[in-house]
Amino acid sequence: MERVTLLVRNLIVIAMLATILDLLVPPGEMRRWVRMVVGLLITVALVQALTDFVHRRDFALPAIGVAGNPGVVSPDYREFQERYAARALTAYREGVARQVKALAGLAGLDVTRVEIVCDTEEPNCPRLREIRLHLRQAVPALSQEGGPAVRAAGTIADFYNLPRQKVVVAVP
C-alpha cells in the first residue's frame, strides 16, 4: 500500500509541475516541448512503478515454477563444459601451431608438422609446456650454435616465454 501512495504522490507532484510550467511557458513551439517532456516524466514514473512491482521478491507466478514438478529434470552441464574445454584446447593448439609454423618459415625452415604439448592440470587455463618442430629435410646447420634452426628455436622460445630446451627441432 505504501508503494501505491508513493506513486500517487509522485504523479501529483509531476502533474503540478506540468501545470506550473504550462502557465509559465509562452504559447508556441516551446509549450509543445514542455508537454512532451512532462509526458515522458509521467511515463517513466509509471514504468518504474511497474518494474518495481514485477521485481519484488515475494512476487511469484505459481504456474511458472517447476521446482515441485518431478517430471522435469535439470540438465547436467558438465558434459557440455568438458566438450567446450576440449574444443577450446584444440583451437588453442592449432592457433599456436600456425604461429610457430609462420615464425619458423620466416627463419627459412621448412616445417611439415608442429606439435604443441600443454599441461592440462587446470582445465580452464592450459599452460604451454613444449613445442616440437618436425622439419621436411635435415638442415645442415642444425647442430651449429648460430644455425637457422637454433636461431628459429630461440626466437620461438622467446616469443612464447619458454626455456630454449622446450622448443625441440626434429629432423627426419
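**Helix 3 and its cover**

I started with what sits over the buried residues of helix 3, and found that the cover includes strand 1 (111-119), strand 2 (127-135) and helix 4 (148-159). Contact here means heavy atoms within 4.5 Å, and buried means under 20% relative accessible area, with exposed over 50% and partly exposed in between (1.4 Å probe, protein chains only). Helices (H or I, at least four residues) and strands (E, at least two) are DSSP runs, numbered from the N terminus.

Before going on, I noted that this is a predicted model, where local features need pLDDT of at least 70 and side-chain atom pairs count only at pLDDT 80 or more, while totals for chains, interfaces and linings use all residues. Residues are numbered from 1 along each chain as its sequence is written, and side-chain values use heavy atoms, leaving out hydrogens and water.

Which residues of helix 3 are buried? I get Leu89, Gly95, Val96, Ala97, Val100 and Ala104. I also checked the length: the 29 residues of helix 3 (78-106) should span 42 Å at 1.5 Å a residue, and the end C-alpha atoms are 42 Å apart, which agrees. The expected span is 1.5 Å times one less than the number of residues. After helix 3 comes Gly108, with a positive phi near 95 degrees.

**Helix 4**

Helix 4 has twelve residues and reaches 16 Å from first C-alpha to last, close to the 16 Å expected. Its buried residues are Ala149, Val150, Ala152, Ala153, Gly154, Ile156 and Ala157, and they pack against helix 3, strand 2 and strand 3 (167-170). Asn161 follows helix 4 with a positive phi, near 55 degrees.

I then picked Leu103, which lies in helix 3. Leu103 counts as partly exposed, at 22% relative accessibility. What does Leu103 touch, not counting residues up to four places away in sequence? The list is Ile156, Phe159 and Tyr160. The C-alpha atoms of Leu103 and Phe159 are separated by 9.4 Å, though the two are 56 residues apart along the chain.

**Rings**

I searched the whole structure for aromatic pairs and got two. Tyr77 and Phe80 form a tilted one, 6.1 Å centre to centre with 45 degrees between the planes. Rings of Phe, Tyr and Trp (its six-membered ring) pair if their centres lie within 6.5 Å; planes under 30 degrees apart are stacked, over 60 edge-to-face, the rest tilted. Why is the pair of Phe159 and Tyr160 edge-to-face? Because the planes are at 80 degrees, with the ring centres 4.9 Å apart. Phe159 is exposed at 52%, whereas Tyr160 is buried at 15%.

**Helix 2 and the pocket**

In helix 2 (29-54), I find Val34, Val38 and Ala45 buried, and the buried residues pack against helix 1. The 26 residues of helix 2 should span 38 Å, and the end C-alpha atoms are 38 Å apart, which agrees.

The largest pocket holds about 380 Å³ of space. Of the 16 residues lining the largest pocket, the closest to its centre are Arg3, Leu6, Leu7, Ala49 and Asp52. Helix 1 (2-24) and helix 2 are the elements that give two or more residues to the lining. For the record, a pocket is an open set of points on a 1 Å grid over the protein atoms alone, where a 1.4 Å probe fits, with protein on both sides within 12 Å along at least five of seven lines; lining residues have an atom within 4 Å of a point. Volume is the space filled by probe spheres set on the points, which are joined across faces, edges and corners.
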